[in-house]
Amino acid sequence: MFAASFEDSQDYPICGTTVCVSISRVHFEEQEVIINLGDSNSDTGGYVIVCGMSGQLPKVHTFNHDLAGRMCDGRLVIDFLCESVGNDYLTPFMESIGTNFTNGVNFAIAGSKTLPRFDSFNLHIQISQFKECTSHIDIGQNDLDGLSYEKAILKIPDIISEIENAIKAMYEQGGKNFWVHNTGPLGCLPKSLATYKKYENDYDEHGCLISLNEGFVNPLMACCGYGGKPYDFESNNKCGQGNYTICEDRSKYISWDGVHYTEAANGIVASKILSTHYFTPPLKFNNFCNISP
């Protein structure tokens, strides 16, 4: 994991291993602004606005109205990062009523990928919206969904290339400082564990799928889903659809719906990012954001 600036004269790598998340801060009228592009991991309500998915979300899935429309029981990693620098939560670009873009805007839409370029709200389309408007890229997990480790490795160069093109496009529009880190372990998602055909020797010592993951920590059970142990995930009864149930103590679960993290898990991820222990150089996020353009 690393932080970098386009003000640096030397070239730098776009990504470490798997999927990239890039954050760029720009100044607008003396004010710090965060612009986010991505998928459901950082979607703050765009998909619900575009596709009318509100009826498919649990009726009581968050205690904070400001967090409505997220694929989570509360805050996302991007929400915690906004809080860390004193910013309000990002408003979806597609929001037409009561919009507030003074601290930034969120182009992320659930289900988005890096490729193909012109499908729905994939990364290239989000960049086009960004250009029309006046940066944080949280995308790529959907590109790798369901792929074995061998197939994912073959696809990653194309994903990185598309993200590189996006960063260059943002740079041309004034973005200078970028933050990059990897995705979570797909082989530990309850959805993966419950739905993909597997054999006894497919699991690592933690119970995660080696073919998707190469090993990590803790096989996970969804907080919101159907079917009970071991994964509480069934394709016909997803969270918000069918006969789903919600766990009593969300703080004890890492997976919210079999695909996305809970607020508790997002908080842990954000705290690790803010700790500076997992990337180089060990630059604090708020200092990174306050670098002058």
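1. The model is predicted, with local features requiring pLDDT of at least 70, side-chain atom pairs counted only at pLDDT 80 or more, and totals for chains, interfaces and linings using all residues. Residues are numbered from 1 along each chain as its sequence is written, and side-chain values use heavy atoms, without hydrogens and water.

2. Seven salt bridges are present in the structure, each defined as a side-chain nitrogen of Lys or Arg within 4 Å of a carboxyl oxygen of Asp or Glu. One of them joins E162 to R117, at 2.8 Å from N to O. E162 is buried because its relative accessible area is 6% (buried is under 20%, exposed over 50%, partly exposed in between; 1.4 Å probe, protein chains only). R117, at 33%, is partly exposed.

3. K191 and D145 form a further salt bridge, at 3.0 Å from N to O. This pair links distant parts of the chain, 46 residues apart: K191 belongs to helix α6 (residues 190-195), and D145 to the loop between α4 (141-144) and α5 (149-172). Helices are DSSP runs (H or I, at least four residues), numbered from the N terminus. K191 is partly exposed at 24% relative accessibility, and D145 is partly exposed at 35%.

4. R75, E83 and E263 belong to one network, joined by salt bridges that share partners. Between E263 and R75, the closest N and O atoms are 2.9 Å apart.

5. I49 lies in helix α1 (residues 46-51) and is partly exposed, with 35% relative accessibility.

Methods:
Helices (H or I, at least four residues) and strands (E, at least two) are DSSP runs, numbered from the N terminus.
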